[in-house]
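Here are some notes for a first look at this structure. Please keep the view open while reading.

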Amino acid sequence: MTELHRSDDVDRDWWRSAVIYQLYIRSFADGDGDGLGDIAGIHAHLDHLVELGIDAIWINPWYPSPMADAGYDVADHRGIDARFGTLADAEALVAAAHAAGLRILLDLVPNHVSDQHPWFQQALAAGPGSPERERFLFRDGRGPDGTERPNDWTSCFGGPAWTRVVEADGRPGQWYVHLFAPEQPDLNWDHPDVRADVEDTLRFWFDRGVDGFRIDVAHSLIKEPGLPDIGARAWDKQPPRVAPIPGVNQTDHPHWDRDEVHDVYRSWRAIADSYDPPRVFVAEAVVPDVSRMARYLRADELHTAFNFDFLKSPWRPELLRTVIEDTLREHAEVGAPPTWVLSNHDVARHVSRYARAVQVLGVNLSELQGPVDLELGRRRGRAAVLLSLALPGGAYVYQGDELGLLEVEDLPDDALQDPSWERSGRTDRGRDGCRVPLPWRAAAPSFGFGPAGAAAPWLPQPDWFAEHAVDVLAADPSSVLQLYRDALAIRRAHPALGDGTMRWIERAPDGAAYGAGVLAFERDPGFVCVVNMSAEDVALPAGTTLVLASSPLADPTTLPPETTGWLRRG
Ligand code: NOJ
């Protein structure tokens, strides 16, 4: 047991207020010089995370994988890919992180495995009707020769969610489901082996001191018996939105968000609770609205979930306010703390999203429109950070957010590795633009991502990454890195921040209602946050003193446009 776990007065509720750093391992730091980030790289840069002031790290998949989907095609959930290190390296990292006061969450991928996983290889070899095939979703094709796919489901990466296999006799045979790439066959969650194996994986890592798991596609796993067509069901026809539509039945989808999945999470919660201190889960549950998300957070299920409505919201005050209110209401219903997320490894970086003139719902730049104003995006990005860290609950920082990184929008075609690129017929450029390896030192080869003489990083870094290098930002008191460090230090010390409640402040000091472009709220004891999203200066509330602002103030009582202020009352 490591330092964090030995203490008798360990804070069991740490996750209710935690700021969790998403560490995308392949792009964080390359310790061995092969061009891919690794455990040695994390180890070498733990000081960056400690200085930043986060509470925990979530590490994207580091398991043995053919990397058809950047490690989300797992061949062995209880091992470490040799490119990232060894199991002993992983154990040493957990110990070192705990000694540094950081908790570690890993990424659990329960919906699918790699096509190189021994179970899938056995299923291919064993043939139709075999027990080995029962662990997956194999079906005969439709039509006289079985040449038509068994239903109309589509892959999230484009194209059908079915691939036909070649049987041992060399003939085209059965089809199998893959909601993602063909290299990621879906598991059959009605099979006891599948349930038992994932529970073994949980215990394997919990026994090694890991503090919890992020659950990949937590809204999937269970499929409707008979695997029916989606057809014209209402669920998929509804337009995307950021506010729930009360009373609308959104449960009728054959493979997303099925009610039966909650039994799985009840069994996992019992396992997590059997550890001392209890281990925790965060769900990646992409569901139509926050009321459906809250169902994953009932007292005997998962602890927290990523708030994708907040992430998806355009930089528009009325929509952000609706998201915040809906989030707080629905989480209060189940007693779970909300989370506030701006970016992750699947979406365009928020500074680039906020730089678009037309702010509409969407997380990929192709969905957003209008001229691009990067200075405005940067200013809004800084304002958004202080908003997200002031709201009740926990928050996520995606690696590179603290460096103010933009989306790399001009990666060469031949560098792209996201399966979406090829599967969409080279129309969807995918998610590589937010996954480019981090810059650590402006003047070093690969900006210090790898050691001297290392292979080129797995994705090319643009020249402008030099301006975002950790050493450059650390030397600049006005940098976005310093803003994160200041905000996280204040948050850690302030009794009003983290889990809890908030009240909107509706009126400006002169008694007039704040304009529609201002979000202002207070939290007890004595904390006020004002986000000025309008084009006008805004007077700060009477009786407050500025503690931190996302952009410089010309006058300490006035907040300029596109700026968030943290204030002390009294
Ligand atoms: C969600 C992950 O965040 C994404 O990166 C991955 O491609 C899919 N799940 C499939 O595992």
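1. Start with two helices. In this predicted model, α6 and α8 are roughly parallel to each other, because angles under 35 degrees count as such and theirs is about 30°. Helix α6 covers residues 192-206, and helix α8 covers residues 261-273. Their axes lie 11 Å apart. The crossing of the two, α6 and α8, is right-handed.

2. Which residues make the contact? On α6 they are R195, V198, E199, L202, R203 and F206. On α8 they are V264, S267, W268, I271 and A272. By class, the contact of α6 with α8 holds 7 nonpolar residues, 1 polar and 3 charged.

3. Now step back to the whole chain. The domain assignment gives three entries: domain 1 (14-113 + 191-474), domain 2 (118-177) and domain 3 (502-569). Note that domain 1 is listed as two segments, 14-113 and 191-474.

4. Look next at domain 1 and domain 3. Their centres, taken over C-alpha atoms, are 31 Å apart. How many residues of each domain are in contact with the other? Domain 1 contributes 19 residues and domain 3 contributes 22.

5. The size of an interface is often given as the accessible area lost when the parts come together. Between domain 1 and domain 3, about 1,800 Å² is buried. Carbon and sulfur atoms account for 66% of that area.

6. Three residues deserve a look on the domain 1 side. R321, R379 and L386 supply 36% of the area that domain 1 buries against domain 3. That is more than any other three residues supply.

How values were computed: Residues numbered from 1 in each chain as written. Predicted model: local features only at pLDDT ≥ 70, side-chain atom pairs only at ≥ 80, totals over all residues. Heavy atoms only, no water. Axes fitted to C-alpha atoms, helices over the stretch in contact; angles between N-to-C directions. Helix = DSSP H or I, 4+ residues; strand = E, 2+ residues; numbered from the N terminus. Parallel < 35°, antiparallel > 145°, perpendicular 65-115°, else oblique. Left-handed = near helix turned anticlockwise from the far one by under 90°. Contact = heavy atoms within 4.5 Å. Nonpolar A, V, L, I, M, F, W, Y, C, P; charged D, E, K, R; others polar. Domains from an automatic or database assignment. Buried area = accessible area lost by both parts, 1.4 Å probe.
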